[in-house]
Amino acid sequence: MQQYVSNSLTRVKKAWSIPARRKTMLSAGAIIFAVILATPKILPMLFHIFPSSADLSESTIPEADVAIIKPVVLEDKISATGTIRANQQVDLRAEVSGKITGLNIEEGAAVEKEKLLVKINDNDLQAQVQSVEYNLEVMKEREDRQRQLFERGGSTQEDYDATLMELNELRSELDYIEAQIAKTEIRAPFDGILGLKYVNNGTYISPTTRIATLQDITSVLVDFSVPERYSAQIQPGNRVLFTVQAIDSVFTGEVFAVEPRIETQTRTLQVRALSDNENGLLRPGAFASIELILDSTEDALMVPSIALIPDMGQYTILLYQNGIVIEQAVETGTRTNSRVHIREGLSAQDTVLVNGLLQLRDSMEVSIRNIQYGN
């Protein structure tokens with residue numbers, strides 16, 4: 001061994017004595033020294049590129065996002081458009097022709113039921129009333145005397161009955177004239193708000209003349225239509241949510257009437273809802289965007305649509321339990337834009353895998369990447 005080392009040193013000395021070889025040896029030494037310095041940095045890179053068998057076993061476990069399911073309120077609803085109408089509305093018109101002698105209409109004012117709004121000239125009728133009332137007083141005295149005579153036997157039954165008949169005819173005539181006088185008065189048929197007036201005091205009007213409008217808007221009607229396929233689900237009591245232009249509020253109402261027949265031309269069902277309007281924000285004639293609530297579930301379990309896996313006309317989902325994938329068949333219900341109601345096969349607080357489902361199978365190991373809470 002010593003002889004081998006001695007010979008090697010001799011050869012190195014001879015090579016070092018030659019300038020060309022000495023230069024080569026220096027270059028080789030520099031390269032070896034640089035490699036030694038770079039080794040601590042190169043080794044981790046090599047381990048990263050060529051992982052050990054233990055690292056390979058860990059990297060084969062797939063990662064996925066999960067959602068923790070919590071109960072929510074689910075409303076099955078449909079959208080529609082409709083029109084706002086006054087709860088009560090009437091065009092004020094006269095029953096008889098004549099000249100207006102009294103006009104008590106203040107545009108936009110609130111009026112109470114039975115308030116006198118318009119009076120038409122009734123001088124001729126008032127004169128007839130005076131004449132009939134005078135004749136009625138005379139006939140009452142005559143009937144009283146005739147009754148006394150009849151009771152004492154000084155008159156016959158026929159005479160008394162004729163006098164009583166004349167008295168009753170005068171009473172009927174007075175009632176008729178008073179009824180005609182009532183037609184010359186236009187009174188508010190209900191509490192409401194007056195609209196614009198189209199006549200003035202002294203205008204000659206007829207039954208076709210539009211005088212003004214009266215509307216009760218303390219509550220409003222919402223008229224809309226829905227497709228025929230929902231007709232079995234719509235009934236009085238269904239809740240309605242709607243909005244109108246220029247008002248940043250959502251109003252509520254309740255269906256109280258449904259047309260018994262379906263429109264044959266449009267195949268739609270006419271529906272009417274009632275909504276409170278005590279603040280007066282809603283105006284008749286406004287366009288309404290409506291959501292009709294058909295059904296409501298208090299503790300609905302919703303999963304993202306992407307979590308559903310079609311399976312021969314049915315659906316399954318993948319649950320996460322203690323790091324293992326569990327395949328679960330489910331029964332679906334109502335769908336929204338991004339979620340599906342699970343009627344059966346899922347419980348509150350279950351953890352559902354929501355992505356990377358193609359690489360997952362039942363009983364596989366899986367790791368969680370992100371967790372979504374709630375719905």
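What follows is a set of questions and answers on a predicted model.

Q: In which hand does α4 cross α5, and what kinds of residues make the contact?
A: The crossing is left-handed. Sorted by class, the contact of α4 with α5 has 13 nonpolar, 7 polar and 9 charged residues.

Q: What makes the rings of F150 and Y160 a stacked pair?
A: Two numbers do the work here. The ring centres are 5.9 Å apart, and pairing asks for centres within 6.5 Å. The planes of F150 and Y160 sit at 10°, and planes under 30 degrees apart count as stacked. So F150 and Y160 are a pair, and a stacked one.

Q: Which parts does the pair of F150 and Y160 tie together?
A: F150 belongs to helix α4 and Y160 to helix α5, so the pair links parts that are 10 residues apart in sequence.

Q: Why is F150 called partly exposed, while Y160 gets the label buried?
A: Buried means under 20% relative accessible area, exposed means over 50%, and partly exposed is what lies in between. F150 has 30% relative accessibility, so it counts as partly exposed. Y160 comes in at 13%, so it counts as buried.

Q: How many aromatic pairs does the count come to, and how do you know that F242 and F251 are stacked?
A: The count comes to 2 aromatic pairs. F242 and F251 are 5.6 Å apart centre to centre, with 25° between the planes.

Q: Where do F242 and F251 stand in the strand pairing?
A: F242 stands opposite F251 in β11. Strand β10 (residues 239-244) and strand β11 (residues 251-263) run antiparallel and are joined by 4 bridges. Together β10 and β11 form a hairpin with 6 residues between them. In that turn, A246 has a positive phi of about 75°.

Q: What makes β10 and β13 count as paired?
A: Pairing takes at least two bridges, and 5 bridges join β10 to strand β13 (residues 287-300). So β10 and β13 pass the test, and they run antiparallel. V244 stands opposite A288 in β13.

Q: Why are β6 and β8 called edge strands?
A: The open sheet of 4 strands has the order β6-β5-β3-β8, with antiparallel pairing. β6 (185-187) and β8 (204-205) each pair on one side only, which is what makes them the edges.

Q: How do you know that β3 and β5 pair?
A: Strand β3 (residues 98-103) and strand β5 (residues 116-120) share 3 bridges, and at least two are needed. The sense is antiparallel. I100 stands opposite I120 in β5.

Q: Why is strand β1 described as largely enclosed by the rest of the structure?
A: In β1 (residues 63-68), 5 of the 6 residues are buried, so the description holds. β1 runs antiparallel to strand β19 (residues 351-353), with 3 bridges between them. The bridge partner of V66 in β19 is L353.

Q: What makes D65 count as buried?
A: D65, in strand β1, has a relative accessible area of 14%. The limit is under 20%, so D65 is buried. Its C-alpha atom is separated by 9.8 Å from that of L357, which is 292 residues apart along the chain.

Q: What stands out about the phi of N322 and S363?
A: Most residues other than glycine have a negative phi. N322 has a positive phi, near 55°, and S363 has one near 75°. N322 sits in the loop between β16 (314-321) and β17 (324-335), and S363 in the loop between β19 and β20 (367-373).

Q: Why are N322 and S363 called exposed?
A: Exposed means over 50% relative accessible area. N322 has 79%, so it is exposed. S363 has 52%, so it is exposed as well.

Technical notes
Residues numbered from 1 in each chain as written. Predicted model: local features only at pLDDT ≥ 70, side-chain atom pairs only at ≥ 80, totals over all residues. Heavy atoms only, no water. Left-handed = near helix turned anticlockwise from the far one by under 90°. Helix = DSSP H or I, 4+ residues; strand = E, 2+ residues; numbered from the N terminus. Nonpolar A, V, L, I, M, F, W, Y, C, P; charged D, E, K, R; others polar. Phe/Tyr/Trp six-rings, centres within 6.5 Å; stacked < 30°, edge-to-face > 60°. Buried < 20%, exposed > 50% of the residue type's maximum accessible area, 1.4 Å probe, protein only.
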